[in-house]
Amino acid sequence: RTGRLGEAEKKFSALLAVSPDNVAARLNLAGAFMRSGHWQKARLHYEHALQYGHTQGNAQENLAHIALRFEKDPGLALSYLNDAIALSSEDSVRLLVARGIALRGLGRLAEAEADYRTALQIDSTYTDGWYNLGNLLLEKHRDDRAKEVYERVIALGKDSVLTAKAQDQIRNLSTRSD
């Protein structure tokens, strides 16, 4: 948490050398590798965590993130996300939006939209869900509705990066309609 990732990696590695089945240590080591930009090492430790015990879906969620972001494999991500959702003890808005992204990557737009909308019914202030729904609506050529959704992202103002991206999308829509 203090940003001393190298030190954390050494400590968790030392612990795992004597106790390789310590799932919490393995997940923490994988998380440290992710934060330091070593996603391949993180992936290996998340996969090992799955072999040793119940991860409450944490390893699966992070493996899905790696599959989407780095490996560009939405099918694999979808498999991990389905597992993570099945293991989750609560309705996870974050997992539903991530699954929507994977479904969208597979061209399964109606299912992706359903996941985004379900997530937003659970938490109507989840900016990432609104932004991804806007992108999907744009892809479906529902430009007016996409603009409304991007305006919702801006109105929520919870995430400055997504707010800026939503503003860019609205500008792009305005230029296309001119």
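**Helix packing and salt bridges in a predicted model**

Helix α2 passes helix α3 in a left-handed crossing, a crossing being left-handed if the near helix is turned anticlockwise from the far one by less than a right angle, and right-handed if clockwise. The structure is a predicted model, in which local features need pLDDT of at least 70 and side-chain atom pairs count only at pLDDT 80 or more, while totals for chains, interfaces and linings use all residues. Residues are numbered from 1 along each chain as its sequence is written, and side-chain values use heavy atoms, with hydrogens and water left out. The structure holds 11 salt bridges.

**Packing of α2 and α3**

- The axes of α2 (residues 23-35) and α3 (residues 39-52) cross at roughly 165 degrees and come within 8 Å; the axes are lines fitted to C-alpha atoms, for helices over the stretch in contact, and angles run from 0 to 180 degrees between N-to-C directions.
- The two helices, α2 and α3, are therefore roughly antiparallel to each other (angles over 145 degrees count as roughly antiparallel, under 35 as roughly parallel, 65 to 115 as roughly perpendicular and the rest as oblique).
- From α2, Val23, Arg26, Leu27, Leu29, Ala30, Gly31, Phe33 and Met34 meet Trp39, Lys41, Ala42, His45, Tyr46, His48, Ala49 and Tyr52 of α3, contact meaning heavy atoms within 4.5 Å.
- By class, the contact of α2 with α3 has 11 nonpolar, three polar and two charged residues (Ala, Val, Leu, Ile, Met, Phe, Trp, Tyr, Cys and Pro count as nonpolar, Asp, Glu, Lys and Arg as charged, and the others, Gly among them, as polar).
- Helices are DSSP runs of H or I with at least four residues, numbered from the N terminus.

- Arg117 and Glu113 form a side-chain salt bridge at 2.9 Å, N to O; a salt bridge is a side-chain nitrogen of Lys or Arg within 4 Å of a carboxyl oxygen of Asp or Glu.
- Arg117 and Glu113 lie four residues apart in helix α7 (residues 109-122), about one helical turn.
- Glu113 is buried at 10% relative accessible area, whereas Arg117 is partly exposed at 29% (buried means under 20% relative accessible area, exposed over 50%, partly exposed in between, with a 1.4 Å probe and protein chains only).
- A network of salt bridges links Glu113, Arg117, Lys140 and Arg142.

- In helix α9 (residues 143-156), Glu151 and Lys147 are four residues apart, about one helical turn, and their side chains meet in a salt bridge at 4.0 Å, N to O.
- Glu151 is partly exposed at 39%, and Lys147 is partly exposed at 35%.
- In helix α10 (residues 160-177), Asp168 and Arg171 are three residues apart, about one turn of the helix, and their side chains form a salt bridge at 2.4 Å, N to O.
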